[in-house]
Amino acid sequence: MNELTEISANITDYLAEQENKGFLRFITCGSVDDGKSTLIGRLLFDTKLIFEDQLAALERDSKKHGTLGDDIDFALLVDGLEAEREQGITIDVAYRFFATDKRKFIVADTPGHEQYTRNMATGASTADLAVILIDARKGVLTQTRRHSFIVSLLGIRHVVVAVNKMDLVDYSEERFREIEQAYRAFGETFDFETLEIVPVSALKGDNIMERSPVMPWYQGKSLLDHLNTVEIGSDEAERPFRMPVQWVNRPNLDFRGYCGTVVSGTVRPGDKVVIAKSGRATEISRIVSMDGDLDEAVSGDSITLLLKDEVDISRGDVICASDSRAEVADQFSAHLIWMSDEALYPGRPYLLKTGTQTVTATVTELKHKIDVNSFEHLAAKEMHLNEVAFCNLSLSSPIAFDPYETNREMGSFILIDRFTNQTVGAGVIWYALRRASNIHLQALDVDKTAHADLKGQKPAVLWFTGLSGAGKSTIANLVEKKLHARGRHTYLLDGDNVRHGLNRDLGFTEADRVENIRRVGEVAKLFVDAGLITLVSFISPFRAERQMARNLVADDEFIEIYVSTPLSVAEERDPKGLYRKARDGQLKNFTGIDSPYEEPENAQLVLDTVGNDADVLADQVIRYLEDNGYIGR
Amino acid sequence: MPQRRSHLERLEAESIRIIREVAAEMKKPVMLYSIGKDSSVMLHLARKAFYPAPPPFPLMHVDTTWKFREMIEFRDRMAAEAGMELIVHTNLQGKADNINPFDHGSSYYTQVMKTDALKQALDMHKFDAAFGGARRDEEKSRAKERIFSFRTATHAWDPKNQRPELWSIYNTRVKAGESIRVFPLSNWTELDIWQYILAENIPIVPLYFADHRPVVERDGTIIMVDDERMPLKDGESPQMRLVRFRTLGCYPLTGAVESGASTLEEIVEEMLIARTSERSGRMIDHDDSASMEKKKREGYF
Ligand SMILES: Nc1nc2c(ncn2[C@@H]2O[C@H](COP(=O)(O)OP(=O)(O)OP(=O)(O)O)[C@@H](O)[C@H]2O)c(=O)[nH]1
Ligand SMILES: [Mg+2]
């Protein structure tokens with residue numbers, strides 16, 4: 001709109017010009033109240049993107065919610081949620097668009113509050129440049145360091161530090177230099193490709209659009225001038241070709257198109273390609289589009305490829321340049337940002353989504369957490385909300401990837417909680433662990449089937465779960481006796497017994513409980529391999545761990561048996577006097593009292609112990625085994 | 001860095017990627033089709049995403065019974081051309097009770113005939129994902145919304161507790177009854193939409209172009225008298241004026257602008273000079289600045 005007069009002259013030329021403008025995605029970040037939203041509001045206002053009706057609304061809002069008396073509060077242009085306006089803070093990212101005569105911008109205004117770090121990371125993940133604000137009065141704060149670290153971790157290579165509220169320090173050059181020095185002192189370690197430091201007043205508009213006469217000592221570019229001209233990074237189109245297959249298009253028998261977005265490189269008909277996981281090689285025959293076949297597609301394009309040969313490809317496969325393939329691995333090291341109120345424990349399974357692939361993943365080892373203030377490495381057993389750690393992950397099946405450093409799209413992933421479906425973590429992959437490829441599983445000649453055949457039974461895990469005192473051990477014991485009497489080969493793993501030996505080193509914290517179950521799951525797996533009907537009697541209060549144990553064996557080898565007893569009944573029985581101790585506070589983290597029990601949602605069997613004899617319930621288990629072919633009648 | 005693709009090409013590729021992800025991961029998606037310019041662009045993108053197959057989901061229009069007649073004709077024609085099933089849903093109870101914008105006020109009418117109707121339709125068909133053509137530049141609470149925006153089993157949006165959405169990796173997981181609203185045009189601006197319509201030659205409802213139409217003026221808003229159901233006030237009689245619409249909805253709630261723009265180029269030109277936002281023509285958005293967020297929390301698109 002600032003080019004109003006030129007527009008009418010020739011609208012077609014004008015539009016062509018619009019189309020050919022450069023493009024930049026950036027974020028604003030930094031500590032609470034440093035003026036991020038005000039700065040964005042100011043940019044929108046100064047680039048004339050605010051309509052009259054919006055301005056009228058802003059004036060009204062400023063009177064009602066503003067922090068500036070009757071003056072316009074630019075932050076209210078951006079803080080669009082009711083709760084944000086009431087509290088005067090930003091809670092979630094706002095995506096706003098503006099343009100200058102040189103570039104189009106998508107800017108994500110992120111929250112400064114530590115509590116909302118995950119929303120800051122959301123904004124940062126797609127940005128190429130970060131404007132980090134610092135309040136001139138306060139200088140570099142912990143949050144300045146945290147955001148700088150996340151910005152660097154997520155691969156943003158260009159940073160502008162805007163030292164804001166210069167109006168409140170009398171536009172003092174001395175103060176600015178102090179902060180500039182303090183930032184450079186630690187900012188250097190991140191090795192950003194460009195790092196500019198600009199003194200501004202978002203409120204007054206100084207050094208935003210153009211250089212302000214109130215700070216004649218500053219000789220650098222204005223903020224917008226820098227955003228207009230900064231040269232951003234390398235050319236994705238020059239990198240090796242990668243296209244994760246998103247959708248297979250089969251309108252009829254003669255057409256099989258592979259749809260996806262090119263995440264790096266360039267592709268042309270005739271190019272030789274390889275399917276990352278299977279290693280199958282073929283050639284591109286056509287690039288189909290509604291506007292006719294294409295000669296070429298580059299990074300960022302969403303396309304449909306036809307291949308020369310009939311190869312087995314489905315969603316989750318990655319089509320790669322044949323002379324430069326993606327890596328394939330099921331174990332790797334990564335940085336992880338944790339985004340859930342519930343802590344992460346090594347060993348607990350989550351869903352991992354990267355590109356178009358989704359697999360089950362567990363953190364096998366937390367190498368260290370990172371202190372966001374000192375950047376020191378700290379030992380860690382678990383991860384809490386907003387923490388960053390370096391860790392090893394192990395997957396249920398291999399994925400195709402590239403290190404994040406070389407390919408942002410191929411090296412990033414999110415973790416999803418399998419029960420709440422929340423996005424609980426985000427990670428960037430560094431490298432595959434060679435361990436996976438070097439320790440090949442030893443193929444054994446006497447295998448599971450051989451073991452089981454000799455015993456004339458179908459091995460399985462009978463997993464008894466329930467509250468302490470529910471009757472798990474009693475029933476499991478009876479079941480084992482009945483099986484033994486029939487000449488079946490069994491073994492019973494009991495919680496208390498295992499804790500005296502194998503798991504002697506574990507306590508009752510959530511992390512230790514996870515590890516407790518992981519080990520028992522692994523032992524049960526070995527016993528199943530040996531052909532045994534393995535009975536496991538463990539409280540195992542968390543769904544996630546029972547799922548983890550289930551995942552270790554084949555689908556039909558895991559029978560979850562919920563020994564269902566109301567807490568009040570179990571507490572009354574109290575065979576070991578533990579409930580009384582827990583109530584007295586002598587026993588911490590006791591399931592049902594001060595630690596939760598998550599009831600199974602899809603147990604194969606539910607045994608209701610109230611009003612039912614243990615022997616009858618044991619028979620119910622035997623009948624299940626007969627009916628489902630685990631043992632003969 | 002050489003930027004090899006224009007802004008529109010980038011936007012198009014991003015939207016197609018989003019649309020395909022929904023088709024690949026959701027059990028039963030539907031595309032909400034409101035017949036306006038944004039819906040026209042969204043439908044066009046869906047066709048491109050799956051070409052040569054038709055898009056693998058139906059279109060759905062929530063018909064309040066107060067749409068412009070020209071919109072309904074256009075809707076049926078476009079669905080047929082795309083080879084897609086068209087589901088039309090009306091809140092029958094609301095219709096039986098004759099809920100209308102004149103007697104019941106715009107806000108109650110919108111609640112019953114749009115929001116409730118939409119929820120009914122989504123529940124009835126058990127859709128677990130619904131595409132909408134909303135853009136972040138339309139309104140400041142929209143600017144805060146994710147591209148994949150989770151809804152509870154009662155269709156509620158919790159703006160303070162949105163799922164983090166990093167890179168282009170979308171969490172599409174829902175439990176039974178829950179759903180996701182998906183906005184493939186999140187990053188488009190009004191100018192982008194018009195430029196794309198121009199570049200791709202996308203058909204739009206003729207009401208966007210200036211013509212002589214019968215209108216009355218109420219409190220400064222120009223309302224088209226589209227059919228005889230519109231009650232005229234004493235001394236009010238429709239005048240023929242050269243007008244067009246920047247946005248389309250229910251005719252009694254959609255203000256026209258005086259304009260002679262009869263080609264796409266002229267529309268774009270007019271838009272560039274405009275000093276008010278397109279929403280200023282929508283009567284339901286005037287209420288107050290928090291009204292859109294409130295409606296969205298309750299399930300409005
Ligand atoms: N004097 C002065 N005040 C400013 C300036 N920039 C911002 N402010 C004020 O600082 C306060 C916080 O501004 P916001 O823009 O909301 O800060 P923010 O960084 O977006 O805050 P969060 O998003 O909640 O972290 C408001 O009262 C602003 O008016 C400035 O340059 N000078
Ligand atoms: Mg803010």
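Across the interface of chain A and chain B, 30 residue pairs are in polar contact, both partners at pLDDT 80 or more. The model is predicted. Helix H2 of chain A, residues 11–19, gives the most to the side of chain A that touches chain B, with five residues.

**The interface**

Salt bridges also link the chains. The count between chain A and chain B is 10. One of them joins Asp92(A) to Arg146(B). Their closest N and O atoms are 3.1 Å apart.

How many residues does the contact take from each chain? Chain A gives 98 residues and chain B gives 75 residues.

The size of an interface is often given as the accessible area lost when the parts come together. Here the area buried between chain A and chain B is about 7200 Å². Carbon and sulfur atoms give 54% of that area. Glu19(A), Trp247(A) and Met290(A) supply 10% of the area that chain A buries against chain B, more than any other three residues.

**An enclosed strand in chain A**

Strand S21 of chain A covers residues 412–416. Is this strand enclosed or open? Five of its five residues are buried, so S21(A) is largely enclosed by the rest of the structure. Both faces are covered. On one side, Ser412(A), Ile414(A) and Ile416(A) are buried. On the other, Phe413(A) and Leu415(A) are buried.

S21(A) pairs with strand S17 of chain A and with strand S22 of chain A. The table sets out both pairings.

| Partner of S21(A) | Residues of partner | Sense | Bridges |
|---|---|---|---|
| S17(A) | residues 349–354 | antiparallel | three bridges |
| S22(A) | residues 423–432 | antiparallel | five bridges |

Leu415(A) stands opposite Leu352(A). Ile414(A) stands opposite Ala426(A) in S22(A). S21(A) and S22(A) form a hairpin with six residues between the strands. In this hairpin, Asn421(A) takes a positive phi near 65°.

**Cysteines**

A disulfide is a covalent bond between the sulfur atoms of two cysteines. How many disulfides does the structure hold over all chains? The count is zero. Cys259(A) is in no disulfide. Its nearest cysteine sulfur, that of Cys320(A), is 17 Å away.

Cys259(A) is buried, with a relative accessible area of 0%. In chain B, Cys250(B) is buried too, with a relative accessible area of 5%. Both values count as buried because the cut-off is under 20% relative accessible area.

Technical notes: Residues numbered from 1 in each chain as written. Chains lettered and ligands numbered in written order. Predicted model: local features only at pLDDT ≥ 70, side-chain atom pairs only at ≥ 80, totals over all residues. Heavy atoms only, no water. Disulfide = S-S within 2.5 Å. Buried < 20%, exposed > 50% of the residue type's maximum accessible area, 1.4 Å probe, protein only. Helix = DSSP H or I, 4+ residues; strand = E, 2+ residues; numbered from the N terminus. Pairing = 2+ DSSP bridges. Contact = heavy atoms within 4.5 Å. Buried area = accessible area lost by both parts, 1.4 Å probe. Salt bridge = Lys/Arg side-chain N within 4 Å of Asp/Glu carboxyl O. Polar contact = N/O pair within 3.5 Å; in protein donor to acceptor, adjacent residues only side chain to side chain.
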